[in-house]
Structure formats: C-alpha cells, structure tokens
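Work through the following exercises with the sequence and the model open. Each task is followed by a solution in steps.

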Amino acid sequence: MAKPITPRFHGVLDYAVVVVFLLAPALFGLTGLAATLSYLLAGIHLLMTVLTAFPLGLASVVPFSLHGTVELVVGVVLAVLAFALFEGAATSFFLVMGLLILLVWALTDYRSALTA
C-alpha cells in the first residue's frame, strides 16, 4: 500500500509542528517543565527538519529514513511521558502530539525523499 504523505508534504507538516510546539505554552497554558519541553521540542524539531535530506530540508545531513526513526521514538516517548510527567492540559497536549507524530510517521513514504 502506498503511503499518502510525500516527503515534501512531510516537510510542511514538520514546520507546522515546530509552530505548534512554540505556541503551545501560550495556547494551552503550559508552564514549568511542560513549557520548557515544548520549546525544546520546537527547537529540536526545527533543527532536525532543516538538516534532513528531503525537499524542504536546508542541508542534507540527516537521511530521511533516520528522521523517520527519530520521529517514531519521539512519538512513543511523548505519549508515555504525557502520563508519567504531566497532568491536565499538558497531559492532553503531549499525548495528542505524540499520537499525531506517530500517525504522520505511519503514513509517510520515507523511501522517496529525494524524488518528491
């Protein structure tokens, strides 16, 4: 079965995720560790996106397949940490973000990075 998310569209989604992580503390009232983690994830996600070898990356340092592996790990870790470290809005936010990252991972064609 062909995966519907192309590398180019994945790049668009990656940059959108950066914006969501940056805005989350203000939008959802995240404070303390939750806000810090959200800002940190925005920076890490931006760096990974910029360095990935795919159409919207700026430097071809990180293979798109490795990018996908990192997103798989991040998605799982976020979903687990949502319950282990947080409560209230922070739990919901990190759980939803973890699950969305996993959904994008499952639907992305990581094998066609340089052809899309």
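Residues are classed by relative accessible area: buried means under 20%, exposed over 50%, and partly exposed in between, with a 1.4 Å probe and protein chains only. The model is predicted, so local features need pLDDT of at least 70 and side-chain atom pairs count only at pLDDT 80 or more, while totals for chains, interfaces and linings use all residues. Residues are numbered from 1 along each chain as its sequence is written, and side-chain values use heavy atoms, with hydrogens and water left out.

**Exercise 1. Describe the overall fold and extent of the protein chain.**

Step 1. The protein chain has four helices and two strands. Along the sequence they follow the pattern α-α-β-β-α-α.

Step 2. The radius of gyration is 14 Å, close to the 13 Å that the globule rule gives for 116 residues, so the chain is as compact as a globular protein of that length. The radius is taken over C-alpha atoms, and the rule is 2.2 Å times the number of residues to the power 0.38.

Step 3. Along the principal axes, the C-alpha atoms fill a box of roughly 40 × 30 × 20 Å.

Step 4. Of the 116 residues, 40% count as buried. The accessible surface is about 6300 Å², and 76% of it belongs to carbon and sulfur atoms. Such areas come from the Shrake-Rupley method with a 1.4 Å probe; for residues, only the protein chains shown count as cover.

Step 5. Contact means heavy atoms within 4.5 Å. Among contacts with a separation of 6 or more, 65% are between residues 24 or more positions apart.

**Exercise 2. Which residues have the most contacts inside the largest nonpolar core, and what does Phe94 touch?**

Step 1. A nonpolar core is a set of buried Ala, Val, Leu, Ile, Met, Phe, Trp, Tyr and Cys residues joined through side-chain atoms within 4.5 Å.

Step 2. The largest such core has 18 residues, and those with the most contacts inside it are Phe21, Leu30, Leu78, Phe93 and Phe94. H1, H2 (32-51), H3 (64-85) and H4 (89-107) each supply at least two residues of this core.

Step 3. Beyond its neighbours within four places in sequence, Phe94 contacts Phe21, Ala34, Leu37, Ser38, Leu41, Leu78, Ala79, Ala82 and Phe86.

Step 4. As general background, nonpolar side chains in soluble globular proteins tend to be buried together.

**Exercise 3. Which residues make the nonpolar surface patch?**

Step 1. Patches are made of residues with over 30% relative accessible area and no salt bridge; like charges are joined within 9 Å, and nonpolar side chains (Val, Leu, Ile, Met, Phe, Trp, Tyr) within 5 Å. A salt bridge is a side-chain nitrogen of Lys or Arg within 4 Å of a carboxyl oxygen of Asp or Glu.

Step 2. Val19, Leu22, Leu23, Leu27, Phe28 and Tyr39 make a patch of about 590 Å². Helix H1 (residues 7-28) provides the largest share, five residues.

Step 3. Val19 lies in helix H1 and, at 43% relative accessibility, is partly exposed.
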